[in-house]
Amino acid sequence: VFPMEYSDIKEQHRTLWGEDVFGTLAIGGEHLRFLAEHEVRSRVLRLQALYLERAGDPPRLRQILLDSLKTFLTLMRHLLRLQGKSGVQNYAEILSLFEQHFQLSFPEMHRLIGIRQGKDWPHEPATEFFREYLEDVQRFVALIDGLPQ
């Protein structure tokens, strides 16, 4: 029911006493893939709705971009686990490993990671940045669609 959460627990837990129930827990890849597809499509719809509400408010639109990035990177981390690559927690490392493994590029996500780390926002309008970011997200959706069921 909660494959991402159980996957996180399984990878990061420590048993202090008693039986290690999470160490032997089997998490089906099909469940993780299905949830990732559901989450990414839900987030895309939400991003589009927020854009319609906030396109005239550039500071708020920028914050929406930053807030959404974490969700997509978390989904990438879980999809990497499906591919047998675990232990990566840093956002920049997750994105780079994901790009290498799936042979894709997500330049706007890299730019947002840089902004989270203190770089300035680009001088382009927030609506243009949003459009380019949405192209990254759509590549991510297409990748998930192509994963085996």
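Modeller: A residue is called buried when its relative accessible area is under 20%, exposed when it is over 50%, and partly exposed in between. Trp121, at 24% relative accessibility, therefore counts as partly exposed. The model under discussion is a predicted one.

The setting comes first. The protein has six helices and zero strands, and its pattern along the sequence reads α-α-α-α-α-α. Along the principal axes, its C-alpha atoms fill a box of roughly 55 × 35 × 30 Å. Of the 149 residues in the protein, 38% are buried. The exposed surface comes to about 8,700 Å², and carbon and sulfur atoms supply 53% of that area. Among contacts between residues at least 6 apart in sequence, 62% join residues at least 24 apart.

Turning to the aromatic residues, a search of the whole structure finds eight aromatic pairs. One of them is formed by Phe106 and Phe140, whose arrangement is edge-to-face, with 6.4 Å from centre to centre and 85 degrees between the planes. This pair links distant parts of the chain: Phe106 belongs to the loop between helix H4 (91–102) and helix H5 (107–116), whereas Phe140 belongs to helix H6 (residues 126–146), and the two are 34 residues apart. Both Phe106 and Phe140 are buried. A second pair joins Trp121 and Phe129; their ring centres are 5.5 Å apart and their planes meet at 75 degrees, so this pair too is edge-to-face. An angle over 60 degrees is what places a pair in that class.

Phe106 and Phe140, for their part, belong to one aromatic cluster together with Phe72, Phe98, Phe102 and Tyr133.

Glu108 connects several of these residues. Not counting residues up to four places away in sequence, Glu108 touches Phe129, Glu132, Tyr133 and Asp136. Two of these have been named above: Phe129 is the partner of Trp121, and Tyr133 is a member of the aromatic cluster. The C-alpha atoms of Glu108 and Arg131 are separated by 9.7 Å, although the two residues are 23 apart along the chain.

Most residues other than glycine have a negative phi. Gln103 is exposed, because its relative accessible area is 67%, whereas Phe106 is buried.

Phe2, Tyr6 and Ile9 make a nonpolar surface patch of about 260 Å². Ile9 is located in helix H1 (residues 3–12) and is partly exposed, given its relative accessible area of 32%.

Conventions. Residues numbered from 1 in each chain as written. Predicted model: local features only at pLDDT ≥ 70, side-chain atom pairs only at ≥ 80, totals over all residues. Heavy atoms only, no water. Patch = residues over 30% accessible without salt bridge, like charges linked within 9 Å, V, L, I, M, F, W, Y side chains within 5 Å. Areas by Shrake-Rupley, 256 points an atom, 1.4 Å probe, with all protein chains shown as cover. Salt bridge = Lys/Arg side-chain N within 4 Å of Asp/Glu carboxyl O. Helix = DSSP H or I, 4+ residues; strand = E, 2+ residues; numbered from the N terminus. Buried < 20%, exposed > 50% of the residue type's maximum accessible area, 1.4 Å probe, protein only. Phe/Tyr/Trp six-rings, centres within 6.5 Å; stacked < 30°, edge-to-face > 60°. Contact = heavy atoms within 4.5 Å.
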